[in-house]
Amino acid sequence: MDLAEAFRNYKAKIVDRWVDYTLSTYQSSSFFKKEGDVFANPVGGTIREALKKLFVLLSRGATTEEMIAPLEQIMKIRSIQEFSPSQAVAPLNAVKHITREILAADKERCHLVADLYDFEFAVDLAVLAAFDIYMQCRERLYQTRIREIKTGSHILTDSACPSASLKNKIVQESIPKVESI
Amino acid sequence: MAVPKLEQLSKSVVQGPSLATGAIPTKDWMDIPVHFHEGNYAYPAKKEKVEYLNSQKGLFFPNAREWSPEDDDWKLPENWKEIILNGLKERLDKFRSLKIFMDCCVRCGACADKCHFFLGTGDPKNMPVLRAELLRSVYRNDFTLAGKILGRMAGAREMTVGVLKEWFMYSYQCTECRRCSVFCPYGIDTAEVTMMLRELLHLVGVGINWILEPASNSNRTGNHMGLQPHTFKDNVDFLTDDIENLTGIRITPTFNRKGAEVLFITPSADVFAEPGLYTAMGYLLLFEAIGLDYTWSTYASEGGNFGLFTNNETMKKLNAKMYAEAKRLGVKWILGGECGHMWRVLHQYMDTMNGPADFLEIPKSPITGTVFDNAASTKMVHISEFTADLIKNGKLKLDKSRNSHVKATFHDSCNTSRAMGLLDEPRYILDHVVDWVEMPENTIREQTFCCGSGTGLNTDEIMELRMRSGLPRANAVKYVHEKHDVNMLSCVCAIDRATLTSLMNYWNPDVRVCGVTELVGNALVLEGETRGELDDGLRTML
Ligand code: SF4
Ligand code: SF4
């Protein structure tokens, strides 16, 4: 049996434990783990969906570009929650350990652990990309804040002369649109 | 092997030094103290704003001072505990609902996972049941026999500074949206528990600036921004210039005109801030199209009522202003614009506080003759009810193709949907003016998710928190954006127009935000217009 087949066989188990591990970083996580409806449970649902996609990509050694979309789904959420940067990213790394543990526990497949180098390298790439995305998300958060201040919602309380700011509409319009990442 | 094992990794992640909420709780919730840091609290009210409010007749905002939630010492009055407990007693006697809410929760947990703050943070104290428990634990301790005897075993705890700080943290992580109450079998309204927490905190001088400054401005000049009458008028005039450039129609609205049939009141943000401006242009066009005999007021120049987020006295006072102005001008009834909490106050509290408004007439549309019996007591009609009635009676000429650049969805604002039941009128209007789709069922109508920044939490220093609490809403928008190419999130609330704009900038940057009446304005065909191709409707830059 080769590694690809082992990945296929254990995909559900690995992803489940990975999701469980990731969601355990939330204080009260049982609902996040349990509820399957992504609209009722956006954090749990999105993370489950994204990790599932990501695992398939990692197991076939996909390029970083291919991993951006699912990584973005996860990092966009974790970068605005109360995590330090390392806390936000670290659960991605866990899939290495989970995969090793699961393969090692299977007598017939434990020899495959020695072949995990490419997989783990892909995880490393994903983690590095996740740091970049984390920073982009923080950047976007600050841009959003600046934009709100500049486009006039702030005059709800703090402006001396709102009509002047209206006449500066052109200036406001020229604030660069926050790029989609 | 150099690679740390999963367990070690998990330790360093979960128990790292910069840990905030990333921990699996090992302690009872009562034992986890709150921790304030830049970004997780809204700035305290400025001293002079509190002083001003406190100097006003009928209002009580004591203990004005400079202070910071990050300091250990909040400079509370010496007898703060007595003040809080007396305040609680007074409110338990005065508001029967509070007493019931304190007594009847069976902790079934049906509300627990329904709050957008919980869904975005995973923080158990953001479960509505625990939010209420923050107050209930003190209630039990001092006002119930079981609590007095059994103490903590009965879920009771003493009022301490730590508890007070917890109240501040979590009563300002609740937007009083009432989503939880929809799911509670006993109808417990946690929003009203939050209101009580905030009222009690104000008794010892704990409040936030983003609420008290607009409230004091409203009290002083009539609107949140503290604008003087001439500025308000100038800005509406400025919008009429824009309309003329775009459509060739010159509109000359009147202000403070005695004897007008209708007084029109809308949130001042519609007149001053994007994207509300375009909604205001929509109002102006609509009223011009039907020749409505109406006036704006530069005194009742604010629909919003930030009093709702402070205490019942302030809410009552700010609400009364609208009626005082209606009386002064001698209008027959009031037409209200796209606002959230104006309608909440009107629908839920106004009649008890200031009503009934007997000096006004039961609203009757001068165009269609429809009598709005639903507003028989408050005498105030929602712009969406009014517009839907116009459309139903064929009084508007609408060209849907003028909105062909828009694929919309509709966000039910918490206040209009859950607090007044306005669900179908905006949808009926949208059907006639634009191509639009619904978001998933469990995120709309009575189950709508809050924008995440209501009740005065729309301040920029807590942007991260707002992005978390707005996630459930943004997530549903993302779905219709990806599935149906939705590019416009429409709503009937001024706070939404501001807050959803930021929410979209972060989560779904290709989706813009607008008021329903903006889309009406886009589609309206007016007599005598010389309108070119406006490929972005009223937003087109000429
Ligand atoms: S009212 Fe809204 S914000 Fe407050 S606890 Fe209930 S669901 Fe949460
Ligand atoms: S749903 Fe109602 S009764 Fe049940 S825990 Fe929540 S507040 Fe209490």
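How much area do domain 1 of chain B and domain 2 of chain B bury between them? In this predicted model, the two domains bury about 3200 Å² between them. Carbon and sulfur atoms account for 57% of that area. Three residues, His116(B), Arg178(B) and Arg179(B), supply 17% of the area that domain 1 of chain B buries against domain 2 of chain B.

The division of chain B places residues 16–207 in domain 1 and residues 215–539 in domain 2. The contact between them takes 38 residues from domain 1 of chain B and 37 residues from domain 2 of chain B. Taken over C-alpha atoms, the centres of the two domains are separated by 31 Å.

Polar interactions across the interface were examined next. The rule finds 12 residue pairs in polar contact between domain 1 of chain B and domain 2 of chain B, with both residues of each pair at pLDDT 80 or more. By contrast, zero salt bridges are found across this interface.

On the side of domain 1 of chain B that touches domain 2 of chain B, the elements that give two or more residues are α2 (47–54), α5 (116–121), α9 (179–183) and α10 (190–203) of chain B. Of these, α10(B) gives the most, with six residues. The residues of this side of domain 1 of chain B divide into 18 nonpolar, 10 polar and 10 charged.

Conventions: Residues numbered from 1 in each chain as written. Chains lettered and ligands numbered in written order. Predicted model: local features only at pLDDT ≥ 70, side-chain atom pairs only at ≥ 80, totals over all residues. Heavy atoms only, no water. Domains from an automatic or database assignment. Contact = heavy atoms within 4.5 Å. Buried area = accessible area lost by both parts, 1.4 Å probe. Salt bridge = Lys/Arg side-chain N within 4 Å of Asp/Glu carboxyl O. Polar contact = N/O pair within 3.5 Å; in protein donor to acceptor, adjacent residues only side chain to side chain. Helix = DSSP H or I, 4+ residues; strand = E, 2+ residues; numbered from the N terminus. Nonpolar A, V, L, I, M, F, W, Y, C, P; charged D, E, K, R; others polar.
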